Amino acid sequence: MRGVSMLTMARAAWAAVRYAVVVPLLQLAVYLCAAMSLMLFAERLYMGLVVAALWLRRRRRQRRNPSRNKGDDDGGAGDLESGGGEDLPMVLVQIPMFNEKQVYRLSIGAACGLWWPADKLVIQVLDDSTDAGIRALVEAECRRWAGKGVQIRYENRSNRSGYKAGAMREGLKKGYARDCELVAVFDADFQPDADFLRRTVPVLQADPAVALVQARWRFVNADECILTRIQEMSLDYHFSVEQEVGSACHGFFGFNGTAGVWRVQALADAGGWKDRTTVEDMDLAVRASMRGWRFVYAGDVQVRNELPSSFKAYRYQQHRWSCGPANLMRKMFWEIVASRQVSAWKKVHVLYGFFFVRKVVAHLVTFLFYCVVIPAYVLVGGQDVRLPKYVAMYVPAIITLLNAVCTPRSWHLLVFWILFENVMSMHRSKATIIGLVEASRANEWVVTEKLGSVTSTPAAATTMAANKGAIKKKKSQSSILAPEIVMGLCLLYCAIYDIVFGHDHFYVYLLMQSAAAFVIGFGYVGSQ
C-alpha cells in the first residue's frame with residue numbers, strides 16, 4: 001500500500017509540474033517557433049518574388065535586343081592583344097594558403113594564366129604554411145612561373161597572426177602592391193577562368209561607387225558523394241537568390257571571401273582587413289557598405305572550386321560560417337545603427353534580413369522546432385499543447401521548396417537534404433550561440449581540408465585518388481560522433497513513444513530523422 005501511495009503522489013506531482021511548468025513552456029516554444037518560421041518564410045518569399053521579377057526583366061530585355069550578348073564574348077581580347085591596355089588598372093591577385101599541398105599548383109597556375117597585360121598584373125602568393133616541405137614546394141612553383149615572365153611574389157610570414165585576414169593585410173603593405181588599384185582574391189582551391197578579370201574589372205571601371213564584384217562558385221566535385229550534392233543545393237540557393245537579391249535591391253551582400261575583385265580605395269576606406277572574427281570577409285563587406293560603397297554580384301562569371309567531401313571538414317567549416325556572422329552582428333550592431341552614410345532601410349536590411357533572420361533565426365528555428373519542440377510535443381501529449389498545422393507542415397514545406405528550386409537536378413534528394421540539414425542545425429545552433437555570447441570557441445579557425453578535386457585531367461584525377469588514399473589511412477575505420485548518436489537515440493525513443501501512445505503520426509518523421517542522425521553519427525556521410 002505504501003508503494004502505491006508513493007506512486008500516486010509521484011503522478012500527482014508530475015501532473016502539477018506538467019500543467020504548471022512543462023505545458024506553458026512548451027506552448028511558448030511553439031509560439032516562438034511559429035514567429036521565427038513566419039520571419040523566415042516572409043524573407044524567403046520576398047527574395048523569391050524579387051528573383052522572379054529579375055528573371056522576367058532579363059527575358060524581356062533579351063526579346064527586345066536578342067543580339068545584345070552575342071558580340072561581347074571576347075571580353076576585350078582585341079584591345080589586349082593589340083596593346084591597347086594602357087588605360088587598364090593595375091591588378092593585384094592575392095592567393096592566401098595554409099599547408100595546401102594538394103591544390104597550390106591549381107590556384108597559382110590559374111592565376112598566372114589570367115588574360116591581362118603582364119605589366120598590369122601582380123600575383124601574390126601569401127603562404128602561411130607551417131610545414132617546411134610544403135613551403136618549399138609552393139616557393140618553387142612561384143619561381144617556375146616567374147621564370148616564364150609572370151610577375152609573381154612569394155610571401156611567407158614567421159607567424160599566423162590574424163590568419164587569412166592578417167596575411168592579406170600584410171600583403172597589401174608591400175611596396176609593389178601599393179600601385180595596384182584593384183585586388184582579386186582567390187582561395188587555394190579556386191581556379192578562375194582566363195577571362196575572369198576581363199569580365200569583372202569593367203564593372204568597377206564603369207562605376208566608381210562600386211567597391212566589389214563577386215563571382216559565383218562552380219562546384220567541380222558536386223557529384224562526388226551525397227554530402228557534396230547537399231552542399232550544392234544549399235549554396236546554389238545562396239548564390240542564385242541571396243546574393244542576386246542583395247546586389248539588385250540593396251547594393252550589398254556578404255563577400256564570400258574569394259572569387260571577388262575589390263577596389264583598393266574602398267578596402268582602405270572601410271578600414272582594411274580585420275581579424276576580430278572568423279568571417280573577415282563579411283566584416284569587411286559590412287564596413288564598406290556602411291561607408292556607402294555598393295557591391296555587384298556577377299552571377300554569369302563562375303569560378304571553379306572544391307566542396308569539402310568529408311563530414312569532419314564540413315562540420316568545422318559550418319561552425320566557422322555560423323559562429324562568425326553571429327559574433328560579427330554582436331560586435332557591429334551599434335556601429336551599423338550609428339552609421340550616417342546609408343539609409344535607414346539599408347540598416348534594417350543588414351541588421352534584420354541579412355544578420356538576424358538568415359544568420360541567427362534560420363539556424364535556431366530549425367533545431368528548436370524539429371529536434372526539440374516536436375519530440376517534446378510527442379512526449380507531453382498533444383491534448384494540452386496547440387501545434388498549428390501551418391507551423392508543422394505548410395510553412396516549412398514552402399520554405400523547403402523555395403530553397404530547393406535552384407537545383408532541379410537534385411530534387412529527388414530533397415528528403416535527404418531536409419533530414420541532413422536538421423541534424424546539422426544542432427551544430428549550427430551551438431555555433432550561433434557561441435558567437436552571440438562570444439564563448440571560448442568564438443574565434444576558432446580550422447582550415448577546410450582540400451583534396452585537389454578541382455580539375456578533371458587524368459593526371460589530376462590520379463593525384464586526387466592518391467591524396468584520398470593517404471587521408472583514408474590516417475582516418476580510423478570507425479569515427480563515431482557522440483552528439484549525433486545521442487540525438488538519434490532520443491528521437492528514436494520519441495518515435496516509439498508516439499507509436500504506442502500518440503495519435504498525430506509524428507513517428508514517421510521521427511523515425512526518419514533518427515535514422516539520419518545514426519547514419520551521420522556512425523560516419524557514413526561524406527567520402528569514406
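**Exercise 1.** Are Phe-253 and Tyr-297 buried or exposed? Then describe the geometry of their ring pair.

*Solution.* The model is predicted.
- Step 1: burial. Phe-253 is buried, and Tyr-297 is buried too.
- Step 2: geometry. The ring centres of Phe-253 and Tyr-297 are 6.4 Å apart, with 80° between the planes. Planes over 60 degrees apart count as edge-to-face. Phe-253 and Tyr-297 therefore form an edge-to-face pair.
- Step 3: placement. Phe-253 sits in the loop between helix H7 (226-250) and strand S6 (260-263). Tyr-297 belongs to strand S7 (residues 294-305), so the pair ties together parts 44 residues apart in sequence.

**Exercise 2.** How many aromatic pairs does a search of the whole structure find? Work through the pair of Phe-190 and Trp-217.

*Solution.*
- Step 1: count. The search returns 23 aromatic pairs.
- Step 2: geometry. Phe-190 and Trp-217 pair edge-to-face, at 5.2 Å centre to centre and 75° between the planes.
- Step 3: placement. Phe-190 is in the loop between strand S4 (182-185) and helix H6 (196-206), while Trp-217 is in strand S5. The two lie 27 residues apart, and their pair links distant parts of the chain.
- Step 4: burial. Both Phe-190 and Trp-217 are buried.

**Exercise 3.** Locate the charges that lie over aromatic faces at Trp-145 and Phe-98.

*Solution.*
- Step 1: Trp-145. Lys-148 lies over its face, 4.4 Å from the ring centre.
- Step 2: Phe-98. Arg-160 lies over its face, 3.6 Å from the ring centre.

**Exercise 4.** Why does His-319 count as buried? List its contacts.

*Solution.*
- Step 1: location. His-319 is found in helix H10 (residues 311-338).
- Step 2: accessibility. The relative accessibility of His-319 is 9%. The cut-off for buried is under 20%, so His-319 qualifies.
- Step 3: contacts. Beyond neighbours within four places in sequence, His-319 touches Gly-324, Ala-431, Ile-434, Arg-441 and Glu-444.

**Exercise 5.** Which residues have the most contacts inside the largest nonpolar core?

*Solution.*
- Step 1: core. It has 88 residues, and Val-93, Ile-108, Leu-197 and Trp-262 have the most contacts inside it.
- Step 2: source. Strand S5 (residues 210-219) gives the largest share of this core, 7 residues.
- Step 3: second core. A separate core of 52 residues includes Leu-40, Phe-311, Leu-491 and Cys-494.

**Exercise 6.** What percentage of the protein's 528 residues is buried?

*Solution.*
- Step 1: burial. Buried residues make up 53%.
- Step 2: surface. The protein exposes about 24,800 Å², with carbon and sulfur atoms supplying 60% of it.
- Step 3: secondary structure. There are 16 helices and 7 strands.

Terms used: Residues are numbered from 1 along each chain as its sequence is written. This is a predicted model: local features need pLDDT of at least 70, side-chain atom pairs count only at pLDDT 80 or more; totals for chains, interfaces and linings use all residues. Side-chain values use heavy atoms; hydrogens and water are left out. A nonpolar core is a set of buried Ala, Val, Leu, Ile, Met, Phe, Trp, Tyr and Cys residues joined through side-chain atoms within 4.5 Å. Buried means under 20% relative accessible area, exposed over 50%, partly exposed in between (1.4 Å probe, protein chains only). Helices (H or I, at least four residues) and strands (E, at least two) are DSSP runs, numbered from the N terminus. Accessible areas come from the Shrake-Rupley method with a 1.4 Å probe; for residues, only the protein chains shown count as cover. Contact means heavy atoms within 4.5 Å. Rings of Phe, Tyr and Trp (its six-membered ring) pair if their centres lie within 6.5 Å; planes under 30 degrees apart count as stacked, over 60 as edge-to-face and the rest as tilted. A charge sits over a ring if NZ of Lys or CZ of Arg is within 6 Å of the ring centre and within 35 degrees of the ring normal.
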